Amino acid sequence: MSVRVGIDLVVVDDVARSLAEHGDRYLERLLTPAERDYCSMERADPDPQRVAARLAAKEATVKVLRAFVPWRDVEVLRHPEGWVELALHGAAAVRAVSAGLSGFAVSLSHEFAYATAVVIAEVAPTGRECLHEAEDPYGR
C-alpha cells in the first residue's frame with residue numbers, strides 16, 4: 001500500500017492577529033460554518049488555537065492533494081467523542097478522486113504558541129508504483 005503524508009505547523013499568535021484585524025471576514029474565508037461554530041463554542045470569540053489547528057489541517061491536506069483547493073473545500077469535523085476527521089467537498093473531493101486518494105486520516109494538536117496537523121491518505125495502486133520500486137536510482 002502506498003500513502004501520501006502532509007504536515008503543517010501554524011503559529012497561533014499569527015492567527016490571533018488575523019482574527020483581531022479581520023474578524024468574521026477572516027473566518028468566513030477559511031472555515032466552514034461547522035468549523036466556525038466549533039472554534040467559537042463556549043467562548044465569546046473564536047479560539048485562535050482551534051482555528052490554527054484547522055488551518056494546519058487544511059494546509060496538510062493541500063500537500064497530500066498536491067494541488068491548491070479552496071480552504072472551505074477541506075473540512076475538519078469533530079465528533080462528540082473527541083476525534084476529528086476530514087470531509088472533502090468540491091474541488092478537494094474531485095482532486096482526491098482524480099489522484100486516486102482515499103482513506104484520509106487527520107491528527108491535530110495545539111499547545112500554547114503552535115498548532116500542527118498531519119494528514120495521511122491511501123493511494124490507489126496504478127501500476128506506476130511497481131515501476132518505481134523496480135527502478136534503482138543508484139544503478140544497483
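Me: Is aspartate 8 buried or exposed?
Reply: In this predicted model, aspartate 8 has a relative accessible area of 15%. Buried means under 20%. With 15%, aspartate 8 therefore counts as buried.

Me: Which residue does aspartate 8 form a salt bridge with?
Reply: The closest N and O atoms of the pair are 3.2 Å apart, and a salt bridge needs them within 4 Å. The pair links distant parts of the chain, 55 residues apart, with aspartate 8 in strand β1 and its partner in helix α4.

Me: What is the N to O distance in the salt bridge of aspartate 47 and arginine 50?
Reply: Aspartate 47 is buried, and arginine 50 is too. Their side chains meet in one of the structure's four salt bridges. The cut-off is within 4 Å, and this pair comes in at 3.9 Å.

Me: Where does glutamate 42 lie, and is it buried or exposed?
Reply: Its phi is near 60°, a positive value in a residue other than glycine. Glutamate 42 lies in the loop between α3 and α4. Exposed means over 50%, so at 76% relative accessibility glutamate 42 counts as exposed.

Methods. Residues numbered from 1 in each chain as written. Predicted model: local features only at pLDDT ≥ 70, side-chain atom pairs only at ≥ 80, totals over all residues. Heavy atoms only, no water. Helix = DSSP H or I, 4+ residues; strand = E, 2+ residues; numbered from the N terminus. Buried < 20%, exposed > 50% of the residue type's maximum accessible area, 1.4 Å probe, protein only.
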